[in-house]
Amino acid sequence: SYTPGAADADGTVVIDGVTTAFSSVEGLNLSGLGGDDSLTANATAGNDTITYQPGLNDDGQLQINSNTSLSFSSIENRTIDSGTGADTLTVTAGGSDDAIDVLAGSVVTVNNESVTHVHDSTNDNLVLVAGDGDDTVTIAAAHGWTTIDVQGGSPSASDTATVTGDG
């Protein structure tokens, strides 16, 4: 797990039960090195702004507020636990033709790379930044956010968004 500290460049990482604290670190890299690896990123108890950008092959980048940014590779299962507070999760796709799916509950996939958002508040928001390319966004009606903001990109008029029923 990754938990940012009270200061922007501080925090802890727990891997296989071993806790490592860090301070004055601007960037952190984690590698799963194969197998079935999991990452849980824990936000604060207050209002959080969380950015997540999935990459290819179980890679990605994550930042909670202005804390230490986290890059990861070969991590197959990703969970963001934002706890309480009014939180905003921004998921940014790549610059090509992307498929973004918001599933029932609180799961987002971008090109089959998924992240689960665990949150206790009914005031949490999701921002989907599709970026450039001909993007397809599908949103299940039974999603777990208060609002979802979908932002397309260039070329204009080439992105589609669909909301599906839950029955």
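1. Pro155 sits in the loop between E16 and strand E17 (160-164). Here E marks a strand, a DSSP run of at least two residues, while H or I marks a helix of at least four, all numbered from the N terminus. The peptide bond from Ser154 to Pro155 is cis, with omega near -10°. Most peptide bonds are trans, and most residues other than glycine have a negative phi.

2. A word on the model. This is a predicted model, in which local features need pLDDT of at least 70 and side-chain atom pairs count only at pLDDT 80 or more, while totals for chains, interfaces and linings use all residues. Residues are numbered from 1 along each chain as its sequence is written, and side-chain values use heavy atoms, with hydrogens and water left out.

3. Now the sheet. It is an open sheet of 7 strands, in the order E4-E8-E7-E6-E10-E14-E16, with mixed pairing. Its edge strands are E4 (27-31) and E16 (147-151), and each pairs on one side only. From one strand to the next, the twist averages 15°. To count as paired, two strands need at least two DSSP bridges between them.

4. Look at E4 and its neighbour. E4 and E8 run parallel and are joined by 5 bridges. The covered face of E4 has Leu28 and Leu30. Its uncovered face has Gly27, Asn29 and Ser31. In a regular strand the side chains alternate between the two faces of the sheet.

5. Which residues form the covered face of E7? They are Gly60, Leu62 and Ile64, with Gln61 and Gln63 on the uncovered face. E7 (residues 60-64) pairs with E8 (residues 69-73) in the antiparallel sense over 3 bridges. Leu62 stands opposite Leu70 in E8, and Gln61 has Ser71 of E8 as its bridge partner. E6 (residues 49-54) also pairs with E7 in the antiparallel sense, over 5 bridges.

6. Check the turns. The hairpin of E6 and E7 has 5 residues between the strands, and Asn57 in the turn has a positive phi of about 55°. Asp58 lies in the loop between E6 and E7. Asp58 has a positive phi of about 65° although it is not a glycine. The hairpin of E7 and E8 has 4 residues between its strands, and Asn65 takes a positive phi near 55°. Asn65 is not a glycine either. Asn65 counts as partly exposed, at 29% relative accessibility. The scale runs as follows: buried is under 20% relative accessible area, exposed is over 50%, and partly exposed is in between (1.4 Å probe, protein chains only).

7. How many cavities of 30 Å³ or more does the structure hold? It holds 1. The largest cavity has about 40 Å³ of space. A cavity is a set of points, on a 1 Å grid over the protein atoms alone, where a 1.4 Å probe fits but cannot get out; a pocket is an open set with protein on both sides within 12 Å along at least five of seven lines; lining residues have an atom within 4 Å of a point. Points are joined across faces, edges and corners, and a volume is the space filled by probe spheres set on them.

8. The lining of the largest cavity includes Leu39, Tyr52, Leu62 and Arg78. E9 gives the largest share, 3 residues. By class there are 7 nonpolar, 1 polar and 1 charged. Nonpolar means Ala, Val, Leu, Ile, Met, Phe, Trp, Tyr, Cys and Pro; charged means Asp, Glu, Lys and Arg; the others, Gly among them, are polar.

9. The largest pocket holds about 250 Å³ of space. Among its lining residues are Ser1, Val14, Leu30 and Leu39. E2, E4 and E5 each supply at least two residues, and the largest share, 3 residues, comes from E5. The lining has 5 nonpolar, 5 polar and 2 charged residues.

10. Finish with Thr12, in strand E2 (residues 11-15). Thr12 is partly exposed, with a relative accessible area of 28%. Leaving out residues up to four places away in sequence, Thr12 touches Ser1, Tyr2, Thr3, Thr19, Thr20, Ala21 and Phe22. Contact means heavy atoms within 4.5 Å.

Conventions. Axes fitted to C-alpha atoms, helices over the stretch in contact; angles between N-to-C directions.
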